[in-house]
Amino acid sequence: MTASLTLVSHHLCPYVQRAAISLAEKGVAFERVYVDLSNKPEWFKAVSPLGKVPLLRVRHGHAEAVIFESAVILEFIEETEANPLHPADPLARARHRAWIEFGSAILNAVGRFYSAADEGAFLRESRGLSEMFARAEAELSARQSGPWFAGERFSLVDAVYGPVFRYVDTFDRIGDFGILDGKPLVQAWRAALSDRRSVKEAVGPDYPQRLHAFLRAKGSYLSGIIRRQAIATPRARSA
């Protein structure tokens, strides 16, 4: 495709990351523009019907089109750029799309986990997340023959789960919540994705600090854990 692409982004958005990973895997050059979602600029409001990122601005000469919704952006990139990330077989492709939707459901569960207001809700959401990853473990056990979801071939499913596991990395630095306990195939998949260049470069170097600050400011049960750790750490150093 001969066009100039701009990915309108937010520093923490996992849905932006999946688009960035897809473009990188296909070797497509693109510009990245960040917006402050707490203070949305007027140009962004004008072109984003849902007021969300990502947006993909596609320019042909003097004409520009704006695509919104990450799933639509992924499919557009897949249809217009070389190096396909979806399988060619229609049934396999449908299966991949279904697991992409499951990845979005996991992200919703991640949001409920870090937003849980009290210990009871936090533990329920932790168990729910663990059960969802258990489903992924079963799928990998039934079908996997390599490091990626489809075996030896990196796919759009992998692009979607890379940002998912980035949350788990941060949660593990906060505490041992056991979300991936007893799931060796998911753990191996997570490790492979963490080492993938496109996944690593989908966020800035300050992403861990930004996410940690976001989680601490949530006013949730997890936020309380983070704040208590911050209080205890200087005491431990002075002991």
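Visitor: Are helix 4 and helix 5 roughly parallel or roughly antiparallel to each other?
Guide: In this predicted model, helix 4 and helix 5, which covers residues 119-143, pack at an angle of about 160 degrees. Angles over 145 degrees count as roughly antiparallel. The two helices are therefore roughly antiparallel.

Visitor: Is the crossing of helix 4 and helix 5 left-handed or right-handed?
Guide: The axes of helix 4 and helix 5 lie 9 Å apart where they pack. As helix 4 passes helix 5, the crossing is left-handed.

Visitor: How many residues of the contact of helix 4 with helix 5 are nonpolar?
Guide: From helix 4 come residues including W99, F102 and I106, and they meet a group in helix 5 that includes F122, L129 and F133. By class, the contact has six charged residues, one polar residue and 12 nonpolar ones.

Visitor: Now for another pair. Are helix 1 and helix 6 oblique or roughly antiparallel to each other?
Guide: Helix 1 (residues 14-25) and helix 6 (residues 156-174) pack at about 135 degrees, with axes 8 Å apart. To count as roughly antiparallel, an angle must be over 145 degrees, and roughly perpendicular covers 65 to 115. Helix 1 and helix 6 are therefore oblique.

Visitor: Which residues of helix 6 make the contact with helix 1?
Guide: On the helix 1 side, the contact is made by P14, Q17, R18, I21 and S22. By class, the contact as a whole has seven nonpolar, two polar and two charged residues. The helix 6 side is made up of L156, A159, V160, P163, R166 and Y167.

Visitor: What is the volume of the largest cavity?
Guide: A search of the whole structure finds one cavity of 30 Å³ or more. Among the residues lining the largest cavity are H10, H11, Q17 and D206, and strand 2 (31-34) and helix 9 each supply at least two residues of the lining. The volume of this cavity is about 50 Å³.

Visitor: Is the peptide bond from V53 to P54 cis or trans?
Guide: Most peptide bonds are trans. P54 is found in the loop between helix 2 (42-47) and strand 3 (55-60). With omega near 5 degrees, the bond from V53 to P54 is cis.

Visitor: What value is phi of E69 near?
Guide: Most residues other than glycine have a negative phi. E69, in the loop between strand 4 (63-68) and helix 3, has a positive value although it is a residue other than glycine. Phi of E69 is near 80 degrees.

How values were computed
Residues numbered from 1 in each chain as written. Predicted model: local features only at pLDDT ≥ 70, side-chain atom pairs only at ≥ 80, totals over all residues. Heavy atoms only, no water. Axes fitted to C-alpha atoms, helices over the stretch in contact; angles between N-to-C directions. Helix = DSSP H or I, 4+ residues; strand = E, 2+ residues; numbered from the N terminus. Parallel < 35°, antiparallel > 145°, perpendicular 65-115°, else oblique. Contact = heavy atoms within 4.5 Å. Nonpolar A, V, L, I, M, F, W, Y, C, P; charged D, E, K, R; others polar. 1 Å grid on protein atoms, 1.4 Å probe; cavity = no way out; pocket = protein on both sides within 12 Å on 5 of 7 lines; lining within 4 Å. Points joined across faces, edges and corners; volume = space filled by probe spheres on them. Left-handed = near helix turned anticlockwise from the far one by under 90°.
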